[in-house]
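Subject: Structure handover

Hi,

Here is the structure for your files. My notes on it follow below.

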Amino acid sequence: MALYRARMTSSPLFQLISRSLSYKVASQSVGPAASSAVQEMTNPTFTVDVTSQIGASMPLKMMRIGTLIHNLEMRPGQGPKLVRGWGTVAKIMTEPRSESSRYCEIKLPSGDKKMIDVRCWATIGRAPNAEHASKKLYKAGQNRWRGIRPTVRGVAMNPVDHPHGGGEGKSKSSGSHGKVSRTPWGKPTKCGYKTGRLKRKN
């Protein structure tokens, strides 16, 4: 791991890492030639560069500007909500260690920029399994191995089985609900039920 001079050697994180590092190094049997290196590594003016570890999770305020991250929280303690897809990555655009603001700007994979609280946690690096989208299934049995059964279209069913069922031939207006796409249980599939307030015209 890379070493760099700490800005604030009195932080609890530095004390924890320095104690664990000095314990692990001191527990090994080293000769006189290596004792100077051990003293240099346990020197309080040095600390471990945790921001260089790909796969490490930590708050945004402990990272640097330009760090690539994924598994990002939207609110502190909420759990990861953003940048969770295969191979996706976000980038820190503003300095998260700034004392003037407790928010930093994050550039999402869509290109949109969002202000996130620096207390939110994220994981350094790119989300794994980027080649998932390009994986090809060579036969239908590969989906059956995964426990995925065949999908039957609603328009190919009878009215008793699906709201889209029935009609003569390939009818798109079959069923009692007309042309509105619905689930097998009758719920609208496009955007669900309308929950916004109606605009009244005076």
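Buried residues account for 27% of the 202 residues in the protein chain. Buried here means under 20% relative accessible area, exposed means over 50%, and partly exposed is in between (1.4 Å probe, protein chains only). This is a predicted model, in which local features need pLDDT of at least 70 and side-chain atom pairs count only at pLDDT 80 or more, while totals for chains, interfaces and linings use all residues. Residues are numbered from 1 along each chain as its sequence is written, and side-chain values use heavy atoms, with hydrogens and water left out.

The overall picture first. The accessible surface of the protein chain is about 15200 Å² (Shrake-Rupley method, 1.4 Å probe; for residues, only the protein chains shown count as cover). Carbon and sulfur atoms hold 53% of that surface. The secondary structure comes to three helices and 10 strands. These are DSSP runs, numbered from the N terminus: helices are H or I with at least four residues, strands are E with at least two. Along the sequence the order is β-α-α-β-β-β-β-β-β-β-β-β-α. Take the contacts (heavy atoms within 4.5 Å) between residues at least 6 apart in sequence: 51% of them join residues at least 24 apart.

Now the salt bridges. A search of the whole structure finds two, a salt bridge being a side-chain nitrogen of Lys or Arg within 4 Å of a carboxyl oxygen of Asp or Glu. One pairs Arg102 with Asp117, with the closest N and O atoms 2.5 Å apart. Arg102 sits in the loop between β7 (90–92) and β8 (103–107), and Asp117 in strand β9 (residues 113–117), so this pair ties together parts that are 15 residues apart in sequence. Asp117 also forms a salt bridge with Arg119, at 2.9 Å from N to O. Asp117 is buried, at 4% relative accessibility. Arg102 is partly exposed at 42%, and Arg119 is partly exposed at 44%.

One more site: Thr123, in strand β10 (residues 121–124). Thr123 is buried, with 10% relative accessibility. What does the side chain of Thr123 make a polar contact with? The partner is the side chain of Ser57, at 2.9 Å. A polar contact is a pair of N or O atoms within 3.5 Å; within protein, one must be able to donate a hydrogen and the other to accept it, and residues adjacent in sequence count only if both atoms are side-chain atoms. Leaving aside residues up to four places away in sequence, Thr123 touches Gly55, Ala56, Ser57, Leu68, Ile69, His70 and Asn71.

Best wishes
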